[in-house]
Amino acid sequence: MAYIRLIDPAIEDLKAILRLDPSVLRMVLTKMLLLELSTEAGEPLIGDLVKWRKLTVGDRHWRIIWIPKEDTAGEQVIEVAQVWAVGARTDAEIYAEMKQRVESSPASPKTTALTDVLELLGDKVADIPATPEPVDVPAPAWLLRRIEYSVGLSPEQMRGLSSEQAMEIWEEYMRRPK
């Protein structure tokens, strides 16, 4: 499962589409949901945008330009599809704009989760079912104390453990033969 994130200029593209035609915005967002199912959706680009992919929408005049990214947190891997440009432009125009965005953006641009973007866009898209990103919940103190005293891990070794990671450590300890 991939989680979709958008850079600020792509969010501005969506706002412009909303002002132009809310029905087109719904088609774009619905098509964007394909990225949750497959990071290989769409077609690969060539030339200066060789690592990028595109999805076409509607009558093929609308493009969603995106790149798959991976973000690791411990053993958990979350795939992030950063959507960079959305719009009804000729091939040359949107790809020139993409090249300019890539060249002028920082190495790790600020991104916003699709669920937050949908909330920002309002009621016209509120029923589009984007998957929320997982929340990394810290391990509860009682579980950390139990791991410290029973398993023998130090507080430094446990620093930053999520609930899921702490439960895996505890379950592994409990499965050991006594």
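Okay, let's start at serine 162, which sits in the loop between α7 (155-158) and α8 (163-175). Helices here are DSSP runs of H or I, at least four residues, and strands are runs of E, at least two, numbered from the N terminus. Quick caveat: this is a predicted model, so local features need pLDDT of at least 70 and side-chain atom pairs count only at pLDDT 80 or more, while totals for chains, interfaces and linings use all residues. Residues are numbered from 1 along each chain as its sequence is written, and side-chain values use heavy atoms, with hydrogens and water left out.

So, is serine 162 buried or exposed? Buried, at a relative accessible area of 6%; the cut-offs are under 20% for buried, over 50% for exposed, and partly exposed in between, with a 1.4 Å probe and protein chains only. Setting aside neighbours within four places in sequence, serine 162 is in contact (heavy atoms within 4.5 Å) with Asp136, Val137, Pro138 and Ala139.

On to α8. The structure has one aromatic pair: tryptophan 170 and tyrosine 173, tilted, 5.3 Å centre to centre with 35° between the planes. Pairing takes Phe, Tyr or Trp rings (the six-membered one for Trp) with centres within 6.5 Å; planes under 30 degrees apart are stacked, over 60 edge-to-face, the rest tilted. These two are three residues apart in α8, so about one helical turn separates them. Tryptophan 170 is buried at 15%, whereas tyrosine 173 is partly exposed at 21%.

Last stop, α2 (residues 22-32), where Val24, Leu25, Val28, Leu29 and Met32 are buried. Down the axis, they fall within an arc of 135°, so they line one face of the helix; that arc uses directions from the helix axis to the C-beta atoms.
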